[in-house]
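Hi,

Here is the structure I said I would pass on. Have a look at it first, and my notes follow below.

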Amino acid sequence: MGVQFFSPQGMTQPVPYHHVAVASGSRHVHVAGQISRDEAGRAVAGGDLRGQVAQALRNTGRGLGGAGASFADVVRLTFYVTNWSPERIGDFLAGVEDVAGELGLQQPLPPSSLIGVDYLFEPDVLVEVEATAILD
């Protein structure tokens, strides 16, 4: 799969992600929203945003791997975060940085959206991550 990431002139710089991804390939992989739970459904990181981001990304990596993909194939990430406020960006980015090397998650990230929501499906879930990857 060929993917090119870039942020054209005239778009906000710097940001922790690329604004654009152009990918070629024929196999699309869509990983459903992943949260900070282990394979038995038990909460992993408690009420810590940093830890939940890291574990949700690990679970996203497992989903990608199950389809024969990796973060190198990801062209889009979407993050849903409860009770979002700009003051939380440090904890959010720290969670990403904690696992970037472990997961092969490039920085800046692929094109990404961070969407603040009132709540997710259970009260202890602070973040959910969706991924889209393209494979040959």
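**What I found**

Pro108 sits in the loop between H2 and E5; the labels are DSSP runs numbered from the N terminus, with helices (H or I) of at least four residues and strands (E) of at least two. Before going on, two notes on where the values come from. This is a predicted model, in which local features need pLDDT of at least 70 and side-chain atom pairs count only at pLDDT 80 or more, while totals for chains, interfaces and linings use all residues. Residues are numbered from 1 along each chain as its sequence is written, and side-chain values use heavy atoms, with hydrogens and water left out.

Back to that proline. The peptide bond leading from Gln107 into Pro108 is cis, with omega near 5 degrees. Another cis bond joins Gln13 and Pro14, where omega is about -20 degrees. Pro14 belongs to the loop between strand E1 (2-6) and strand E2 (20-24). For context, most peptide bonds are trans, and most residues other than glycine have a negative phi.

That brings me to Asn83, a residue other than glycine with a positive phi, near 50 degrees. You will find Asn83 in the loop between E4 and H2. At 55% relative accessibility, Asn83 counts as exposed (exposed is over 50% relative accessible area, buried under 20%, and partly exposed in between, using a 1.4 Å probe and protein chains only).

Now the helices. How far apart are the end C-alpha atoms of H1? They are 26 Å apart, which agrees with the 26 Å that its 18 residues should span at 1.5 Å a residue (the expected span is 1.5 Å times one less than the number of residues). For H2, the 15 residues should span 21 Å, and the end C-alpha atoms are 20 Å apart, so that agrees as well.

Two packed helices are described by the angle and the distance between their axes. Here the axes of helix H1 (residues 49-66) and H2 come within 7 Å and cross at roughly 35 degrees. (Axes are lines fitted to C-alpha atoms, for helices over the stretch in contact, and angles run from 0 to 180 degrees between N-to-C directions.) The crossing is right-handed, which means that the near helix is turned clockwise from the far one by less than a right angle.

Which residues of H1 meet H2? On the H1 side they are Leu49, Arg50, Val53, Ala54, Leu57 and Arg58, and their partners in H2 include Phe92, Val96 and Val99 (contact means heavy atoms within 4.5 Å). By class, this contact has nine nonpolar, one polar and five charged residues. In that count, Ala, Val, Leu, Ile, Met, Phe, Trp, Tyr, Cys and Pro are nonpolar, Asp, Glu, Lys and Arg are charged, and the others, Gly among them, are polar.

The buried residues of H1 pack against strand E3 (27-34), E4, H2 and E6. Gln55 lies in H1 and is buried, with a relative accessible area of 9%. Leaving aside residues up to four places away in sequence, Gln55 touches Ile35, Ser36, Arg37, Val44 and Arg62. In H2, the buried residues are Phe92, Ala94, Gly95, Val96, Val99, Ala100 and Leu103, and they pack against H1, E4 and E5.

Phe92 also turns up among the aromatics. A search of the whole structure finds two aromatic pairs (rings of Phe, Tyr and Trp, the last by its six-membered ring, pair if their centres lie within 6.5 Å; planes under 30 degrees apart are stacked, over 60 edge-to-face, and the rest tilted). The rings of Phe79 and Phe92 have centres 4.9 Å apart and planes at 85 degrees, so they are edge-to-face. Phe79 lies in strand E4 (residues 74-82) and Phe92 in helix H2 (residues 89-103), so the pair ties together parts that are 13 residues apart in sequence. Trp84 and Phe92 make an edge-to-face pair too, with ring centres 6.2 Å apart and planes at 80 degrees. Phe79, Trp84 and Phe92 form one aromatic cluster. Phe92 is buried, at 4% relative accessible area, whereas Trp84 is partly exposed, at 27%.

Best wishes
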